[in-house]
Amino acid sequence: MSQASRSTLSRSILSRTTGFIARAGFSHSLTPARNCTFGCTYCYVPTMRIYGGLKPEDWNHWGQFTTFKTNAPDLLARELRPTQSIYCSPLTDPYQPAEAAEELMPSILDAVMNRPPAVFTIQTRGPLILRDIQRLVQLSTLTSLRVSFSLTTDREDIRRWYEPHCATFAERLSVIRTLRDAGIRTHATLAPLLPCNIEVLAGEAIAATTEDLVGDPLHVRSVKAQGATTRDAAFRISEHHRHNEWFDPVFQAGIVERIEAITAAHGRRFGVGEEGFSWLSKRF
């Protein structure tokens, strides 16, 4: 196990959903680890603290390590049911950098294949998912499988400032195309919407996938009175580089309208928030 990895035994692995994910139509969430070694500056999860299943060491040292729930496959053998709609994961990226050494996800996917639920959706920004593409192809014959792959910006300077441990725009587009070509239903998820060239971001996303686009602006407290919100680190970056407007709700609404127009011109939809994420929970 790498220095960025720790392990723990969990009492359960599937959680009944609440809030946003429940309203989007998922019955359960699957979180294979605590903390995330992508360590994105805007990530809302550490702002949830204990309500996100975290410990003080997690939110005080976000992104510096992750703690894997190593008995997750065994727990899934007991907890999986054919009626469940599962979102993996709202609290950590299942294909974060530390997973490359840990290799927990292959065993998790095997457990899901042994007792397939109705819907299984993977949310990630990690090219490492291609390591498991054969398992995903097999799983797609057993359940309604979707991959929601995050695209946040087409600009490399923005990526390096906000999410330096994430893959480039070009790499992410390549992953989406590879998953698509393997027959896996893959959505380009424009979330959170970082400073970018909207026409390039949306256009390339449309070209890379046959599915509708999902997305969300950066969370801001002025429109989200309670719950998780964008970390202060992202606000400091926006102040320093003078693109604060991307945190302004009126500006964000304009960006969403522009993406909706672009997708509509290509016969697609762009769903924001619960609407878009509800498309990821549908059976097909």
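Two strands are said to pair if DSSP finds at least two bridges between them. Helices (H or I, at least four residues) and strands (E, at least two) are themselves DSSP runs, numbered from the N terminus. With those terms in hand, we can walk through the structure together.

First, a word on what you are looking at. This is a predicted model, in which local features need pLDDT of at least 70 and side-chain atom pairs count only at pLDDT 80 or more, while totals for chains, interfaces and linings use all residues. Residues are numbered from 1 along each chain as its sequence is written, and side-chain values use heavy atoms, with hydrogens and water left out.

Let us start with the open sheet of 3 strands, which has the order β1-β5-β4 and mixed pairing. β1 (5-8) and β4 (33-34) stand at the edges with a single partner strand each, so one side of each has no neighbour in the sheet. Between β4 and β5 (residues 66-69) the pairing is antiparallel, over 2 bridges. Here you can find Arg-34 opposite Thr-67 of β5.

Now step back to the whole chain. Its secondary structure comes to 12 helices and 11 strands. The radius of gyration, taken over C-alpha atoms, is 18 Å, close to the 19 Å that the globule rule gives for 284 residues, so the protein chain is as compact as a globular protein of that length. That rule is 2.2 Å times the number of residues to the power 0.38. Along its principal axes, the C-alpha trace spans about 50 × 45 × 30 Å.

How much of the chain is buried? Of the 284 residues, 57% count as buried; buried means under 20% relative accessible area, exposed over 50%, and partly exposed in between (1.4 Å probe, protein chains only). Contacts, meaning heavy atoms within 4.5 Å, also tell us about the fold: among those with a separation of 6 or more, 79% are between residues 24 or more positions apart.

β6 pairs in the parallel sense with β3 (residues 28-30) over 2 bridges, and Tyr-87 of β6 is the bridge partner of Ser-29. β6 also runs parallel to β7 (residues 119-124), joined to that strand by 4 bridges.

Ser-89 lies in the loop between β6 and α4 (99-102). Another cis peptide bond runs from Ala-191 to Pro-192, with omega near -10°, and Pro-192 lies in strand β9 (residues 185-193).

Glu-103, in the loop between α4 and α5 (105-114), has a positive phi of about 55° although it is not a glycine. Is Glu-103 buried, partly exposed or exposed? At 47% relative accessibility, Glu-103 counts as partly exposed. Arg-242 also has a positive phi, of about 60°, although it is not a glycine. You will find Arg-242 in the loop between α10 (232-241) and α11 (249-265), where this residue is exposed, with a relative accessible area of 73%.
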